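This report looks at one helix and the sheet beside it. Please keep the sequence and the model open while reading.

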Amino acid sequence: IISYVNTIQLKKQHMVKLPVIVANQRTQEDVINAALKMRYQLECYAREEQEKGGSYIRPIVLFQAEPKGKEDSTTFEKIKQTLLGLPGISEEEIKIKTANINELKNIDLSAPDCPVRYIITINALKEGWDCPFAYILATLANKSSVVDVTQILGRVLRMPDVRRQKIEYLNMSYVFTASNQFKKTLDSVVAGSNQAGFSKND
């Protein structure tokens, strides 16, 4: 261990988006719709903030797909096709990052001319990957490992420009899931986060 930074310091330095808002949806389709609606609202807020002198922010949704195997599994290909079937979403806005596919290579996600608004992964976005513009985690996978959930959740916590935004919605992170297993695991993650220094309000 080179250094240790506790959660209180992270909060004081505005390095993390808190609180984390978690909503358990009825179906996977509801998860996708809720994530898209939230992302659109956040982008409207981001434009409003920028017009008032704030920094550039382009909110991104991280879709966590299920691994291939089951016939009815929601794979990254299915999520991509679902997104492309919706009005207003172009192929250049969608990127896939798995163990075998890396469409994020050499892309600066923070650049104003970058069109990416949706990233689909399975479990490739773990430690060492973060993007301040990632605001929403929409998980369609039945993740039960506390480590897996903690790591994927951590990908949406980094605060853009390490400073609070004037519009409060841009200071929070959002999780949408339709998995009872994920919800059960998330409860354990919350308990662990509380022990690490995050409050129940976070």
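## The end of helix α2

In this predicted model, helix α2 is followed by glycine 53, whose phi is positive, near 100°; helices (H or I, at least four residues) and strands (E, at least two) are DSSP runs numbered from the N terminus. The model is predicted, and local features need pLDDT of at least 70, side-chain atom pairs count only at pLDDT 80 or more, while totals for chains, interfaces and linings use all residues. Residues are numbered from 1 along each chain as its sequence is written, and side-chain values use heavy atoms, with hydrogens and water left out.

## Length and buried residues

Helix α2 covers residues 28-51, and its 24 residues reach 35 Å from the first C-alpha to the last, close to the 34 Å expected at 1.5 Å a residue, where the expected span is 1.5 Å times one less than the number of residues. Among the residues of α2 that are buried are Val31, Ala35, Leu42 and Ala46 (under 20% relative accessible area, with exposed over 50% and partly exposed in between, for a 1.4 Å probe and protein chains only).

The buried residues of α2 pack against β2 (60-64), α3 (76-84), β4 (118-121), β5 (134-139) and β6 (173-177), contact being heavy atoms within 4.5 Å.

## The sheet

Six strands form an open sheet in the order β1-β6-β5-β2-β4-β3, with parallel pairing, and two strands pair if DSSP finds at least two bridges between them. Its edge strands, β1 (20-24) and β3 (94-97), each pair on one side only. β1 and β6 pair in the parallel sense over five bridges, and isoleucine 21 has tyrosine 174 in β6 as its bridge partner.
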